[in-house]
Amino acid sequence: MSEFDPVAVCQRLEMVKNELEKANCRFGQNAQLMAVSKTFPAQAVLAAAQVGQRVFGENYAQEGCDKVDWFRANHPELCLVWHFIGPLQSNKTRPVAERFDWVDSIDRLKIAQRLNDQRPKDLAPLNVLIEVNIDSESSKSGVPVSEVRNLADEIVKLTNLKLRGLMCIPAPALTRNEQAKPLKAMRALFDELKDIYGFDTLSMGMSADMTVAVECGSTLVRVGSAIFGHRDYSKKSA
Ligand SMILES: *Cc1c(COP(=O)(O)O)cnc(C)c1O
């Protein structure tokens, strides 16, 4: 697990929220903040939740499920919303389907079908996003743009899932212009599909490109290190 300082987490969260609010105001957006807590212990999430953060993202099935369980057992009053945002293998879909509110990294039908079959009937439908490989040269995760509609047409038939939109993880870029290129392409794809499928969520923007993502139309930014600090993967538990 990565180390953290609860006071610093709260201070950085305030700064990120201010920055997001400024960007929302400046660009006429209403993007929400997801705090990405991978590699950080439940206590770091608790520090952020106690100052009002509600939406969290996790990347690893075991680690994420453990945190969701810990909060449901110890802090049900916090009503946290959990997004699974990492690559998901088919043998890990069940615990995720049983716990998370969203899976934002759907990149093939098989995973969507398993999540649909494994979603407990007493829970609300699982919200899902299709992860798009928007800059195909540099990144390996996500579906190619040309296959997004085919996948969406199949996902909307799955009654225990609710397809809410798209997400992407573009390759890191150094300049604002370079950062904006894939984000603008995502926005164009989102605008093309949103009325067809009733999309309301375009998840893009991380610590390094949050404001440019808001400028390009993001509705949900995913911010990790700018809130929790440096991640230490060497101590990651399996
Ligand atoms: C880790 C991660 C983030 C957060 O990245 P930071 O650069 O730390 O803000 C956002 N999205 C995904 C999919 C991630 O895996």
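# Pockets and helix packing

Helix 1 (6-27) and strand 1 (32-36) each contribute at least two residues to the lining of the second largest pocket. Helices (H or I, at least four residues) and strands (E, at least two residues) are DSSP runs numbered from the N terminus. The model is predicted, with local features requiring pLDDT of at least 70 and side-chain atom pairs pLDDT 80 or more, whereas totals for chains, interfaces and linings use all residues. Residues are numbered from 1 along each chain as its sequence is written, and side-chain values use heavy atoms, without hydrogens and water.

## Pockets

A pocket is an open set of points on a 1 Å grid over the protein atoms alone, where a 1.4 Å probe fits and protein lies on both sides within 12 Å along at least five of seven lines; lining residues have an atom within 4 Å of a point. Volume is the space filled by probe spheres set on the points, which are joined across faces, edges and corners.

The second largest pocket holds about 200 Å³ of space. Its lining is formed by Lys17, Leu20, Glu21, Asn24, Ala31, Gln32, Leu33, Gly52, Gln53, Arg54 and Val55. Helix 1 provides the largest share of this lining, with 4 residues. By class, the lining of the second largest pocket comprises 4 nonpolar, 4 polar and 3 charged residues (nonpolar: Ala, Val, Leu, Ile, Met, Phe, Trp, Tyr, Cys and Pro; charged: Asp, Glu, Lys and Arg; polar: the others, Gly among them).

The largest pocket has a volume of about 570 Å³. It is lined by 30 residues, of which Lys38, Ile169, Met206, Arg222 and Arg231 are the closest to its centre. Helix 7 (176-197) and strand 9 (220-223) each supply at least two residues of this lining, and the largest share, 3 residues, comes from helix 7. The lining of the largest pocket divides into 15 nonpolar, 8 polar and 7 charged residues.

## Helix packing

The table lists the packed helix pairs. Axes are lines fitted to C-alpha atoms over the stretch in contact, and angles run from 0 to 180 degrees between N-to-C directions.

| Helix pair | Axis angle | Axis distance |
|---|---|---|
| Helix 2 (residues 42-50) and helix 3 (residues 61-74) | roughly 55° | within 10 Å |
| Helix 1 and helix 2 | about 45° | 9 Å |
| Helix 6 (residues 148-155) and helix 7 | roughly 25° | within 12 Å |

Helix 2 and helix 3 are therefore oblique to each other (under 35 degrees is roughly parallel, over 145 roughly antiparallel, 65 to 115 roughly perpendicular and the rest oblique). Their contact (heavy atoms within 4.5 Å) involves Ala42, Gln43, Val45 and Leu46 of helix 2 together with Lys67, Trp70 and Phe71 of helix 3. The residues of this contact comprise 5 nonpolar, 1 polar and 1 charged.

Helix 1 and helix 2 are likewise oblique, as follows from their angle. Pro6, Val9, Cys10 and Leu13 of helix 1 meet Ala44, Ala47 and Ala48 of helix 2. The contact of helix 1 with helix 2 contains 7 nonpolar residues, no polar and no charged ones.

Helix 6 and helix 7 are therefore roughly parallel to each other. On helix 6, Val148, Arg149, Ala152 and Asp153 meet Leu189, Leu193, Ile196 and Tyr197 of helix 7. The contact of helix 6 with helix 7 comprises 6 nonpolar, no polar and 2 charged residues.
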